[in-house]
Amino acid sequence: MNIQEEVSKRKTFAIISHPDAGKTTLTEKLLLYGNLIRSAGTVKGKKSGKFATSDWMEIEKQRGISVTSSVMNFPYRGYQINILDTPGHEDFSEDTYRTLTAVDSVVMIIDSTKGIEAQTIKLFKVCRMRGIPIFTFINKLDREGKETLALLEEIEEVLDIETCPLNWPIGMGKRFLGVYDRNNEQLVKFNGNEEETYIPKDELSEEIANNPTYIEAMDEFALVEEAGAQFSLEDVLSGKQTPVFFGSALAPFGVQTFFDHFIDMAPAPGGRKTTEGVVSPDAPDFSGFIFKIQANMNPAHRDRVAFLRVCSGKFERGMDVRLARTNKHMKLAQTQQFVASSRDTVEEAYAGDIIGIYDPNVYRIGDTLLTGKDKFEYDELPQFPPELFKKVMAKNAMKSKQFKKGIEQLVQEGAIQLFKQYRTESYILGAVGELQYEVFQYRMKNEYHVDVLFETIGERIPRWLNPDEKVDASLYDERNMLVTDREEQPLVLFKNDFSLNWFKDKHPDIELIDLFEVN
Ligand code: G4P
């Protein structure tokens, strides 16, 4: 098979949601369809204590959750499916955001009883920034939830994206009859624990056709068909429209139909921007970029693994590649592909595939690896605004040399972000989630033999100042703390929305830059 054919079979995506919306349950069903697991309940054993995706780090074992994004891959209907996990719960971190730079599309799960929740908004913004196509699955229809139209309106308003329902729920909770499948003009009937059945619209029994729940839902749907947006694959692929499906991941109901539609519509890997223009996925030379580095995955071996997304050409185990940043050659002999329960050796890979490569402490997040004569680097990974801040210091002042070295390396690696308080120069760490602090503390102790102390600053809203304008330090205090980032750029950490708005009102002439702002 040639490279082009291999690439066209790849579907690489992530599932985003707020904790408890049903990501694990849905993922599990997809793995069942892919024959990757034989029974549900094996992916995350919150209660059973089983681990499948990863049980590498000590912290993971203590917490009973997987720390870092892992990758699951399996063949399905002739496609090669790569699902990248985006950790939520307490293990939400910058890695969760960075994972989204390595996918070609995203499935967004929304809990029908809750609507859009905080973490969904954050992850959605990253997808929006990068123009990633988003497919929506509204979950838990077997429960009493929000009204269908209200849910769609909420998505459109809060996320500012056009919705196009491809199926329509008939009732919910106890009255849940199933969904009307718009494309095939049929009712997909919900049968509780039994398998769903398919009834063409004109073959419905009188009982169903006259059921008030059915009539009401279909009346509503008629309105949507008439006044709502028409489905446009072009708009979906450019991130302007999201196709919406309803179902229940737990039942499961509507999951396989959703997956089949999704696979048909989701894009295969495309060209990616580099410093020398766009590189096509079927270009003959191998290239890819590192989006995540995981240290100490196996405490017994103390190894580090860099996660690389293949972007072009064919990867073969043992091949000689060049690290674009340093122009050094290296042999990729120890490579792994990640499957739910094990780390298999990967022999070859194509654009869209994720491979784990042994990292002898030379790689950085965002690094490009390549073969061939061309010289280029993939676009730098964006910096994501941290939200949680803490002052950090060494417990033992005698260890300040190791402390500085450790911080420098972990920051450079992308484990956490470093800021300095204006004037006092105290070290302030910024993270997206609490877990990053735990990992930082753990690694400082285990790799640099330094015990660190934190002093909590708390949740803050960071806004960068215009670097070309002069900073008047007297305007800032504890509530709007002035700090500098690693590039010495000034930014303000606002205590809350109130202090941010107050400052804006008082100083309308000071430009405040939000890294998450999408134009
Ligand atoms: P997450 O990975 O997004 O955090 O969510 P997860 O799949 O763990 O699901 C969160 C809870 O919601 C679980 O219940 C799960 O069984 C339930 N759930 C998921 N999909 C559906 C659905 O379609 N309908 C209903 N009614 N519930 C659903 P739990 O009690 O917290 O955990 P567990 O004991 O079931 O594991």
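Two strands count as paired when DSSP finds at least two bridges between them. Helices (H or I, at least four residues) and strands (E, at least two) are DSSP runs, numbered from the N terminus. Before you click, note that this is a predicted model, in which local features need pLDDT of at least 70 and side-chain atom pairs count only at pLDDT 80 or more, while totals for chains, interfaces and linings use all residues. Residue numbers start from 1 along each chain as its sequence is written.

**Stop 1: a hairpin**

Select 417-421 and 427-431. These are β25 and β26, which form a hairpin with five residues between them. The pairing is antiparallel, over four bridges. Then look in the turn for R423, whose phi is positive, at about 75°.

**Stop 2: helix α8**

Next, select 212-227. With 16 residues at 1.5 Å a residue, α8 should span 22 Å, and its end C-alpha atoms are 23 Å apart, which agrees. (The expected span is 1.5 Å times one less than the number of residues.)

Which residues of α8 are buried? Color Y214, A217 and F221. They cover an arc of only 75° around the axis, which puts them on the same side of α8; the arc is that of the directions from the helix axis to the C-beta atoms. An α-helix has 3.6 residues a turn, so residues three or four places apart point the same way.

Buried means 20 or more other C-beta atoms within 10 Å of a residue's own, exposed means 12 or fewer, and partly exposed is in between, with C-beta atoms placed from the backbone. Turn to the other side of α8 for exposed residues, including P212, D219 and E226. Show 167-170, 178-181 and 206-209 as well: the buried residues of α8 pack against these elements, β7, β8 and α7. (A contact is two C-beta atoms, placed from the backbone, within 7 Å.)

**Stop 3: around the ligand**

Center on the ligand. There are 18 residues around it, and K23, T24, T25, S248 and L250 come nearest; the criterion is a C-beta atom, placed from the backbone, within 6 Å. Helix α2, residues 23-33, gives the most to this shell, with three residues.

**Last stop: zoom out**

The whole protein has 13 helices and 31 strands. Buried residues make up 43% of its 519 residues.
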